[in-house]
Amino acid sequence: MGLWPPADDDGLLSELGAALRDSGPPPEEFLAAGYAALTWRTVDAELAIAELTFDSACDPEPAGLTRSTGSTRALAFHAGPVVVAIEVTATGIVGQLSPARGGRVVARTPHGPYEEVAVDPVGFFSLGPPPSGPVQLHALTSDYAVATSWVPLG
Amino acid sequence: MAERPDSATRPEVGAAPDVPAADEILAGLVSAAANGDEPAWAELVRRYAPLVLSVIRAHRLNRTDAADVNQTVWLRLVEHLGRVREPAALATWLATTTRRECYRLVRIGRRTQPFDPLDDAVEATIGALLPQDPSAPDENLLRAERRQALRDGFGQLPARCRELLSLLVSDPPASYREIAERLGMPIGSIGPSQARCLRKLRNSPALAAFVGASPDAEGSGGDRDGAVAAGR
């Protein structure tokens, strides 16, 4: 074996790549969570994905558009003209669908639905405190059906 | 790295027609996974899990947050599969998404202690992957020590260097154009940044024990034992 670490950058980079790749194989639970994620594909196939477009936890707040305070986290999801806006506090989630339609909202973790509530005629709904880990809301109305991007809320 | 292929300048399809290029294989996996093919999806997860984890490690999340980010990223990729137009950009998409989700959890502020898959708490999980067989050849042991030193040194680098080097060594490699977009730096500064980061790596305490060790002394046992002590 020659000099180590390699004197040339290419050699060092190549060894670094090998080291990071074999840094142990990701813990099995991490791989398992990855494999399991595919099962959600078919579940969501008929739903449009409402992309996460705003999260007060990490995005600068557009002036005057949100009412969130220090203890409230506000998020918005968009799918075309449909907006799902929610506020998360220690006591639970309140949300509003736009365009306002009655219907129902199903809250899910990767293990399945954990809560289902009615949406009132002006689009408001409320849910209990979210569990830890990524959560997805399915908003089902007579006019549209969307699924929010997975995001940890707890 | 002057000869590194850069997809910004090379032709889209350069391989011989009857030999599938890496990009075509990847495109096939993405397309099959988008149609629900489990083995294809599993292969994608296996390929990219180390990249996702390397970004997570760089953010020093606790284990719960690290697991949440990991799970969120794969769920997002499932949603995103049907819209992957350029499979070669998948590594960049994953790195960006992972970084954003790490940032989100850091901001939510649930951090308690750093997550390091190599620490004692998870040794049971990955311990089996380290060559601990006493009958294993010394060369394997030496290689494992060196790789550990590289990972330790990598962990001591500034976050920016860890991100850049992670992208440079990702497999399949990210193009300079993708790296430039991802890190918001001019393509022309990638080379110099890479050199600077590798210099920092070379000078990191974790590698210091190896630097300057005479190749002739290797195998004598003495230097290696010193390296073992300093590298861990």
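Biologist: What share of the contacts in chain B with a separation of 6 or more comes from residues 24 or more positions apart?
Modeller: This is a predicted model, and in it such residues account for 67% of those contacts.

Biologist: How many helices and how many strands does chain B have?
Modeller: Chain B has 11 helices and zero strands. Read from the N terminus, its elements run α-α-α-α-α-α-α-α-α-α-α. Of the 232 residues in chain B, 44% are buried.

Biologist: How many aromatic pairs does the rule find over all chains?
Modeller: The count over all chains is one aromatic pair.

Biologist: What makes B:Trp41 and B:Trp74 a pair, and why is the pair edge-to-face?
Modeller: The ring centres are 6.1 Å apart, and the cut-off for a pair is 6.5 Å. The planes stand at 90°, and over 60 degrees counts as edge-to-face, so that name applies.

Biologist: Which parts of chain B does the pair tie together?
Modeller: B:Trp41 belongs to helix H2 (residues 38-58) of chain B and B:Trp74 to helix H3 (residues 63-80) of chain B, so the pair links parts that are 33 residues apart in sequence. B:Trp41 and B:Trp74 are both buried.

Biologist: How many bridges does S8(A) form with strand S9 of chain A?
Modeller: Three bridges join S8(A) to strand S9 (residues 145-148) of chain A, again in the antiparallel sense. A:Ala139 has A:Val146 in S9(A) as its bridge partner. Three residues lie between S8(A) and S9(A), and the two strands form a hairpin.

Biologist: What makes S8(A) and strand S10 of chain A a pair?
Modeller: S8(A) and strand S10 (residues 151-152) of chain A share two bridges, which meets the requirement of at least two. The sense is antiparallel, and A:Val135 faces A:Val151 in S10(A).

Biologist: Which peptide bond is cis, and where is the proline?
Modeller: The bond from A:Ser98 to A:Pro99 is cis, with omega near -5°. A:Pro99 sits in the loop between strand S4 (92-98) and S5 of chain A. Most peptide bonds are trans.

Biologist: How many residues of chain A are in contact with chain B?
Modeller: 54 residues of chain A touch 63 residues of chain B. The two chains bury about 5200 Å² between them, 67% of it on carbon and sulfur atoms. Four salt bridges cross this interface.

Biologist: What makes B:Arg202 and A:Asp9 a salt bridge?
Modeller: Their side chains meet at 3.0 Å, N to O, and the limit is 4 Å, so the contact qualifies.

Biologist: Where in chain B is confidence lowest, and where highest?
Modeller: Chain B averages a pLDDT of 72, with 66% of the residues scoring at least 70. The lowest mean, 37, is in helix H5 (residues 123-126) of chain B, and the highest, 94, in helix H9 (residues 190-202) of chain B. Over residues 117-138 of chain B the pLDDT is below 50. Where pLDDT is low, the predicted coordinates should not be read in detail.

Terms used. Residues are numbered from 1 along each chain as its sequence is written. Chains are lettered from A and ligands numbered from 1 in the order in which they are written. This is a predicted model: local features need pLDDT of at least 70, side-chain atom pairs count only at pLDDT 80 or more; totals for chains, interfaces and linings use all residues. Side-chain values use heavy atoms; hydrogens and water are left out. Rings of Phe, Tyr and Trp (its six-membered ring) pair if their centres lie within 6.5 Å; planes under 30 degrees apart count as stacked, over 60 as edge-to-face and the rest as tilted. Helices (H or I, at least four residues) and strands (E, at least two) are DSSP runs, numbered from the N terminus. Buried means under 20% relative accessible area, exposed over 50%, partly exposed in between (1.4 Å probe, protein chains only). pLDDT is the predictor's confidence in each residue, from 0 to 100. Contact means heavy atoms within 4.5 Å. Buried area is the accessible area (1.4 Å probe) that two parts lose on being put together, summed over both.
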